[in-house]
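The sequence and structure are shown below.

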Amino acid sequence: MSFFKKLKDKFVKEQDAEEENKDQHPSDPAEGDSSVSSDSADEESSPEVSTSVPEKEEPHVNKEPAGRGSVDSHATGTEEDADPDVPGTEEEEGSVGPEAGNPVEDDEGERPSGAVEEEDEKETIASKFKKGLAKTRNSFSSKINDLVARYRTVDEDFFEELEEVLISADVGVTTVMEMIEELEMEVKRRNVQDPQKVKEIISEKLVDIYYGDDDAGEVEGLTENPDGLTVYLFVGVNGVGKTTTIGKLAHRLKSEGKKVTLAAGDTFRAGAIEQLEEWGSRVGVNVTKHSEGSDPAAVVYDGIKAAESRGADVLICDTAGRLQNKVNLMNELSKVKRVIEREIPGAPHEVLLVLDATTGQNAMSQAKTFAEVTDVSGIVLSKLDGTAKGGIVLAIRNELEIPVKLVGLGEKVTDLETFDAHAFVYGLFADMIEEYEED
């Protein structure tokens, strides 16, 4: 079976079946109403997003006067929870439960105010990747089509120009050289003379390049802790969309029925705490915070205690990303990790590096630097819909050997998707695949 046919069967026919099912069984108009209270929702159905502050348990309230930089709010635990080895836990108070306030512009330029609006219709994975990769596809596919139209046979000149097309999509020089070599071998093996047929081989090799020696080629989701609290640690420089990504992931996990808590560990960037708190209010999850400039490790410690006391399933920790001072950053992240590992053996279960896809090769530089200072287990590529150089996904995976776990395919809160290399290639070649008819 040809590769285009496999992708068509997997994504195009699946999408057609979903649309046909919608036509036959129209949804209840009330289903898309985001104003429905979560209290009225059946426990077995997917939870609605709360438009108000999440319901809180009655934690211990600190009656003492607030110290320098303290936050006048509920503490994350009793005095017995305080850890003398973690600076700041005795002085600073954590806040559990976001407070509604004025919208604060986050590090991606969005204003995460108000309740989350649910989608009227669920989009398929295929449609999300097709729409999210529109800019890359329009650039990449047009260049491939133009190249194919100018050649009658597949020769050395053809591969040289193809090399330039792939590099222009930010696939990365090392990855491109490896891919061209494999393409030449495959074309000879199949005795392909028609440039039109090379398009299909290119798409197939893009998937092979991503998965490498992994024959299974399975989608790599986020690791979960089967025995208790799952902890995700987010790292990344300012402006890459880290806060927005955390908010979107919190919404996604909550919609799956999980109880989520956030820890505002980026205590150095102005407005970072308020931005995360606003996202917590928007998606309806609790947030643990200290005052600006406090110790991130203390915030994360209190976040763990708050999550455990509330029976949370997932704790997502934000951190600062000051690459201009790698030594301080390394010390800070190491301390945060030590605190997490001490409290929850085996955690953090993911260290996720957020990169801005629109920065291209600069994202590669950031990934290399962060890989030096911490054990990055997965990449989150934000703003993939905003670039024509989506090939950076392949460069990161192939050259750094770090899997891309999540991708941002749009501005909506539901536009954070688990990365699937097959769906990615479908998004790149969607027009060709949908028009494909087997000879």
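Which residue in E5 does phenylalanine 234 stand opposite? Phenylalanine 234 stands opposite leucine 352 in E5.

The structure is a predicted model, in which local features need pLDDT of at least 70 and side-chain atom pairs count only at pLDDT 80 or more, while totals for chains, interfaces and linings use all residues. Residues are numbered from 1 along each chain as its sequence is written, and side-chain values use heavy atoms, with hydrogens and water left out.

**Confidence**

The mean pLDDT (the predictor's confidence in each residue, from 0 to 100) of the protein is 79, and 73% of its residues reach 70 or more. Over residues 27–106 the pLDDT is below 50, and this stretch has 151 contacts (heavy atoms within 4.5 Å) in the model beyond near neighbours in sequence.

Helices (H or I, at least four residues) and strands (E, at least two) are DSSP runs, numbered from the N terminus. Strand E1 covers residues 230–235, and six of its six residues are buried (under 20% relative accessible area; exposed is over 50% and partly exposed lies in between, with a 1.4 Å probe and protein chains only). Thr230, Tyr232 and Phe234 lie on one side of E1, and Val231, Leu233 and Val235 on the other. Two strands pair if DSSP finds at least two bridges between them. Four bridges join E1 to strand E4 (residues 314–317), and the two run parallel; within this pairing, valine 231 has leucine 315 as its bridge partner. E1 is also joined by four bridges to strand E5 (residues 350–356), again in parallel.

**Helix H5**

Helix H5 (residues 173–190) has 18 residues and should span 26 Å at 1.5 Å a residue, which agrees with the 26 Å between its end C-alpha atoms; the expected span is 1.5 Å times one less than the number of residues. Thr175, Val176, Met179, Ile180, Leu183, Glu186 and Val187 of H5 are buried. Seen down the axis, these buried residues fall within an arc of 135 degrees, so they line one face of the helix; the arc is that of the directions from the helix axis to the C-beta atoms. They pack against helix H4 (156–168), helix H6 (195–211) and helix H12 (392–400). The face turned away from the buried side carries the exposed residues Thr174, Met185, Lys188 and Arg189. Just after H5, asparagine 191 takes a positive phi of about 55 degrees.

**Nonpolar core**

A nonpolar core is a set of buried Ala, Val, Leu, Ile, Met, Phe, Trp, Tyr and Cys residues joined through side-chain atoms within 4.5 Å. The largest one has 115 residues, and Leu162, Ile316 and Phe429 have the most contacts inside it. Helix H13 (residues 421–435) gives the most to this core, with 10 residues. Leaving aside neighbours within four places in sequence, leucine 162 contacts Ile144, Leu147, Ile180, Leu183 and Ile202.

**Individual residues**

| Residue | Relative accessible area | Class |
|---|---|---|
| Threonine 374 | 7% | buried |
| Lysine 8 | 14% | buried |
| Aspartate 155 | 29% | partly exposed |

Threonine 374 is in the loop between helix H11 (361–373) and strand E6 (378–382). Apart from residues up to four places away in sequence, threonine 374 touches Leu333, Lys337 and Val351. Lysine 8 is found in helix H1 (residues 3–24). Aspartate 155 is in the loop between helix H3 (134–150) and H4, and its C-alpha atom is separated by 9.2 Å from that of glutamate 184, 29 residues apart along the chain.
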